[in-house]
Amino acid sequence: MFSKEESRQLRHEFWTSFGKSFPRKWMLYDTKLKGLSFKFHFDTKSALVAFDLEDNLENRINYWEKLLSLKGILLEEFLPDALFEETYYLDNHKEISRIYVPLDQNASIHNKNTWQTVMLFFNEKMALFEAFFNDYKEVIES
């Protein structure tokens, strides 16, 4: 068991190491579309890369319908293991819509032996999410 300070330090060390290992500017919140963002998530139980829709319900539905129309392309050409959840609850109980790819093996930010696997996973999957978004941004925002 780690103290809060030890856990905070490990998280900081992971993200610093990830940034040094894969030095590039990720799109993340800079999609230019309100309420749409990409996220990396890594905690003591799992790791995933996500495309989140967090705007008001009307805009979320609008974007979700467009993303559903592109689902086949995303799954066939970019991320065959992507999961679509129209209603997804964050830990703070906020309701969003999410498309995400979970790492299919056990990983913990507290276990440095899993870090390299997670970093490679993050780099590969986020690059594919961003490529899909860049190719189909005009469809999504129309």
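Strands are DSSP runs of E with at least two residues, numbered from the N terminus. The model is a predicted one.

**Exercise 1.** Determine which strands supply at least two residues each to the lining of the largest pocket.

*Solution.* Begin with the lining itself, which includes Lys39, Phe40, His41, Leu48, Asp52, Tyr88 and Tyr89. The strands that each supply at least two lining residues are β1 (36-42), β2 (47-53) and β3 (83-89). β1 gives the most, with three residues. By class, the lining has five nonpolar, two polar and five charged residues. The volume of this pocket is about 250 Å³.

**Exercise 2.** Classify the geometry of the aromatic pair Trp15 and Phe18.

*Solution.* The whole structure holds 25 aromatic pairs. For Trp15 and Phe18, the ring centres are 6.0 Å apart and the planes meet at 85 degrees, so the pair is edge-to-face. Both residues lie in helix α1 (residues 4-21), three residues apart, about one turn of the helix. Trp15 is partly exposed, at 31% relative accessible area, whereas Phe18 is buried, at 3%.

**Exercise 3.** Which parts of the chain does the pair Phe38 and Phe133 link?

*Solution.* This pair is edge-to-face, with 5.6 Å centre to centre and 85 degrees between the planes. Phe38 belongs to strand β1 and Phe133 to helix α4 (residues 115-141); 95 residues apart, they link distant parts of the chain. Both Phe38 and Phe133 are buried.

**Exercise 4.** Over which ring does the charged end of Arg24 sit?

*Solution.* The charged end of Arg24 sits over the ring of Trp26, 3.9 Å from its centre. Trp26 is one of the members of an aromatic cluster that also includes Trp15 and Phe18.

Conventions
Residues are numbered from 1 along each chain as its sequence is written. This is a predicted model: local features need pLDDT of at least 70, side-chain atom pairs count only at pLDDT 80 or more; totals for chains, interfaces and linings use all residues. Side-chain values use heavy atoms; hydrogens and water are left out. On a 1 Å grid over the protein atoms alone, a cavity is a set of points where a 1.4 Å probe fits but cannot get out, and a pocket is an open set with protein on both sides within 12 Å along at least five of seven lines; lining residues have an atom within 4 Å of a point. Grid points are joined across faces, edges and corners, and a volume is the space filled by probe spheres set on the points. Helices (H or I, at least four residues) and strands (E, at least two) are DSSP runs, numbered from the N terminus. Ala, Val, Leu, Ile, Met, Phe, Trp, Tyr, Cys and Pro count as nonpolar, Asp, Glu, Lys and Arg as charged, and the others, Gly among them, as polar. Rings of Phe, Tyr and Trp (its six-membered ring) pair if their centres lie within 6.5 Å; planes under 30 degrees apart count as stacked, over 60 as edge-to-face and the rest as tilted. Buried means under 20% relative accessible area, exposed over 50%, partly exposed in between (1.4 Å probe, protein chains only). A charge sits over a ring if NZ of Lys or CZ of Arg is within 6 Å of the ring centre and within 35 degrees of the ring normal.
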